[in-house]
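Please read this report alongside the sequence and the coordinates. It goes from the overall fold to single residues.

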Amino acid sequence: AFDLNRVEALRQQIYQQIVDATHQKEMAYLQLKASLQIPEDQEIFISDSLNQMLLTIPPSVDASQRPGVQLALAQKDWSIAKVDARRASLYPTLSAVGRYQFQWQSGDLFDGDQYIGFDYGTVGLSLQWQIFSGGLKQRQIEKASIQLKQSQHQYDHTLSEASYQIAQWT
């Protein structure tokens, strides 16, 4: 009877571990589906072998929605903005400027009872144009253009790789 009670306790413990492992597996599948943007009701199958790993993805999954592709797209957009900013630095800038000041001053040098207050303000435009930069701005534009080409190639490569992976998995 003593051994039977021990075996029963061990069986209950193993059963609870199986239930916990099943729950963890279901949660892992849900996290995988969320990261790959697969609907929750879509079935997936993952084998134990890396050589024969099959992950079925619905054909409606768009490769451009994958996180790596979106990151590469954001880097490409940032590079485009950088080139535009470098080109804009070649042109003059026109700025509106203004200043306001109110000042109190003693009216009499020896008698501090009289105070005079006056307003002072200026408003104007400021035109700034760097005429000579020693070719620095042109080199900055060239560097930003090269970075844009690199980010465009990275985006194209990431998108084609994601499309290839989806094609292999379906």
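**Basis**

This is a predicted model, in which local features need pLDDT of at least 70, side-chain atom pairs count only at pLDDT 80 or more, and totals for chains, interfaces and linings use all residues. Residues are numbered from 1 along each chain as its sequence is written, and side-chain values use heavy atoms, with hydrogens and water left out.

**Overall fold**

The protein has 3 helices and 2 strands. Their order along the sequence is α-α-β-β-α. Helices (H or I, at least four residues) and strands (E, at least two) are DSSP runs, numbered from the N terminus. Helix α1 spans residues 2-35. Helix α2 covers residues 67-88, and helix α3 covers residues 136-169.

Of the 170 residues, 15% count as buried. Buried means under 20% relative accessible area, exposed means over 50%, and partly exposed lies in between, with a 1.4 Å probe and protein chains only. Contact means heavy atoms within 4.5 Å. Among contacts with a separation of 6 or more, 56% join residues 24 or more positions apart.

**Surface**

The protein exposes about 13,700 Å², and carbon and sulfur atoms supply 57% of this area. Accessible areas come from the Shrake-Rupley method with a 1.4 Å probe; for residues, only the protein chains shown count as cover.

Leu10, Ile14 and Ile18 form a nonpolar patch on the surface. Together they have about 270 Å² of accessible area. Ile18 lies in helix α1. Patches are made of residues with over 30% relative accessible area and no salt bridge; like charges are joined within 9 Å, and nonpolar side chains (Val, Leu, Ile, Met, Phe, Trp, Tyr) within 5 Å.

**Charged pairs**

Side chains of opposite charge can pair when their charged atoms come close. A salt bridge here is a side-chain nitrogen of Lys or Arg within 4 Å of a carboxyl oxygen of Asp or Glu. The count by this rule is 2 salt bridges.

| Salt bridge | Closest N and O atoms |
|---|---|
| Glu8 – Arg11 | 2.9 Å |
| Glu142 – Arg139 | 3.1 Å |

Glu8 and Arg11 both lie in helix α1, 3 residues apart, about one turn of the helix. Glu8 is partly exposed because its relative accessibility is 36%. Arg11 is also partly exposed, at 46%.

Glu142 and Arg139 both lie in helix α3, again 3 residues apart and about one turn of the helix. Glu142 counts as partly exposed at 40% relative accessibility. Arg139 counts as partly exposed at 46%.

**A charge over a ring**

Lys76 lies over the face of Tyr155, at 4.9 Å from the ring centre. The rule asks for NZ of Lys or CZ of Arg within 6 Å of the ring centre and within 35 degrees of the ring normal.

Which residues does Ser79 touch, not counting residues up to four places away in sequence? They are Gln147, Leu148 and Ser151. Ser79 is placed in helix α2. Its relative accessible area is 6%, so Ser79 is buried.

Ser145 sits in helix α3. Leaving aside neighbours within four places in sequence, Ser145 is in contact with Val83 and Arg87. Ser145 and Lys82 are 63 residues apart in sequence, yet 8.6 Å apart in space, C-alpha to C-alpha.

Thr158 also belongs to helix α3. Thr158 is buried because its relative accessible area is 16%. Beyond its neighbours within four places in sequence, Thr158 is in contact with Gly68, Val69 and Ala72.

Is Lys33 buried or exposed? Lys33 is buried, since its relative accessible area is 10%. Lys33 is in helix α1. Leaving aside its neighbours within four places in sequence, Lys33 is in contact with Ile38, Pro39, Glu40, Gln42 and Ile44.

Leu36 is in the loop between α1 and α2. At 14% relative accessibility, Leu36 counts as buried. Leu36 and Ala63 are 27 residues apart along the chain, and their C-alpha atoms are separated by 9.7 Å.
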